[in-house]
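Here is a set of questions and answers on one chain, meant to be read alongside its sequence and coordinates.

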Amino acid sequence: MIDRKFKVYDIEASIVKLSPKKQFVIIDKGLGSDVRKGQRFDFFFTDYLGGNVLLGSGVVTEVNADQAVVKLTARYSTKYEIKEGTTARGFIR
């Protein structure tokens, strides 16, 4: 149970583009950074004061050399929105 509470993230990226309906995002990491299809990402609002709010989660559906498409599967915060520049942290299971 403790393993589920604390995640170790392997990759940190940023959102560079959102789909018009905000169901998919493109991140700035791809095969060159070991991003793989099916990999999971969590999205965070971060600021220079140490703010780190979990906004949502998603799964990689497409990958090329330097970008990946992530389908959003869950949203957790209504205070902040997922937008360009949002931090994405990926992990391998």
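Predicted model: local features only at pLDDT ≥ 70, side-chain atom pairs only at ≥ 80, totals over all residues.

Q: Is T61 buried, partly exposed or exposed?
A: The relative accessible area of T61 is 25%. Buried would require a value under 20% and exposed a value over 50%, so with its 25% T61 counts as partly exposed.

Q: Is T86 buried or exposed?
A: T86 is placed in the loop between β5 (68-75) and β6 (87-91). Its relative accessibility is 6%, and because the cut-off for burial is under 20%, T86 counts as buried.

Q: Which residues does T86 touch, not counting those up to four places away in sequence?
A: T86 sits in the loop that joins β5 (68-75) to β6 (87-91). With residues up to four places away in sequence not counted, T86 touches A13, S14, I15, F43, F44, L55 and E81.

Q: The backbone oxygen of which residue lies 2.7 Å from a polar atom of the side chain of T86?
A: The side chain in question belongs to a residue that is buried, at 6% relative accessibility. A polar atom of this T86 side chain lies 2.7 Å from a backbone oxygen, and that oxygen belongs to K83.

Q: What pattern does the chain follow, read along the sequence?
A: The chain contains one helix and six strands. Taken in sequence order, these elements give the pattern α-β-β-β-β-β-β.

Q: What is the radius of gyration of the chain, and what would a compact globule have?
A: The C-alpha atoms fill a box of roughly 35 × 30 × 25 Å along the principal axes. For 93 residues a compact globule would have a radius of gyration near 12 Å, which agrees with the value for the chain, 13 Å.

Q: How many positive and negative side chains does the chain have, and how far apart do the centres of the two sets lie?
A: The chain has 16 positive and 11 negative side chains. The centres of these two sets are separated by 7 Å.

Definitions and conventions: Residues numbered from 1 in each chain as written. Heavy atoms only, no water. Helix = DSSP H or I, 4+ residues; strand = E, 2+ residues; numbered from the N terminus. Rg over C-alpha atoms; globule rule 2.2 N^0.38 Å. Lys, Arg positive; Asp, Glu negative; His and termini not counted. Charge placed at Lys NZ, Arg CZ, Asp CG, Glu CD. Buried < 20%, exposed > 50% of the residue type's maximum accessible area, 1.4 Å probe, protein only. Polar contact = N/O pair within 3.5 Å; in protein donor to acceptor, adjacent residues only side chain to side chain. Contact = heavy atoms within 4.5 Å.
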